[in-house]
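Thanks for coming. I will take a few minutes to go through one structure, and here it is on the screen.

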Amino acid sequence: MTLDRAVMMFAGFMVLLSVLLTTLVSPLWMWFTVFIGVNLIQSSVTGFCPAAMILKRLGFKPGTAF
């Protein structure tokens, strides 16, 4: 799996987790979803992605985006 796909999978997992927490625990977890969305927008504009940096250190092969 390339780094690009791993980042997309991680982002998707985090969105689903935040929706689950919002539904089962508290509506305030919606702010977690907002944070994920803002981070995705920021990384698309600047190219800086903390998740990509961590996954790269874990040994994922670089893709075309990261």
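Exposed means over 50% relative accessible area, buried means under 20%, and partly exposed is in between, with a 1.4 Å probe and protein chains only. Helices here are DSSP runs of H or I with at least four residues, strands are runs of E with at least two, and both are numbered from the N terminus.

Before going on, the sources. This is a predicted model, where local features need pLDDT of at least 70 and side-chain atom pairs count only at pLDDT 80 or more, while totals for chains, interfaces and linings use all residues. Residues are numbered from 1 along each chain as its sequence is written, and side-chain values use heavy atoms, with hydrogens and water left out.

Back to H3, residues 50–57: which of its residues are buried? They are Ala-51, Ala-52 and Leu-55. Down the axis of H3, the buried residues fall within an arc of 95 degrees, so they line one face of the helix. That arc is taken from the directions from the helix axis to the C-beta atoms. These buried residues pack against helix H1, residues 3–24. After H3 comes Gly-59, with a positive phi near 105 degrees.

Now the other pair. H1 and helix H2, residues 30–46, pack at an angle of about 160 degrees, and their axes are 8 Å apart. The axes are lines fitted to C-alpha atoms, for helices over the stretch in contact, and angles run from 0 to 180 degrees between N-to-C directions. H1 and H2 are therefore roughly antiparallel, a term for angles over 145 degrees. From H1, the contact (heavy atoms within 4.5 Å) is made by Ala-11, Met-14, Val-15, Ser-18, Val-19 and Thr-22. From H2, it involves Met-30, Phe-32, Thr-33, Ile-36 and Leu-40.

Next, Thr-2, which sits in the segment before H1. Is Thr-2 partly exposed or buried? At 27% relative accessibility, Thr-2 counts as partly exposed. Leaving aside neighbours within four places in sequence, Thr-2 is in contact with Phe-60, Lys-61 and Gly-63. Between Thr-2 and Thr-22 there are 30 Å in space, C-alpha to C-alpha, and 20 residues in sequence.

Last, the whole chain. There are 3 helices and 0 strands. The C-alpha atoms fill a box of roughly 35 × 25 × 15 Å along the principal axes. Of the 66 residues, 21% count as buried.

Technical notes: Parallel < 35°, antiparallel > 145°, perpendicular 65-115°, else oblique.
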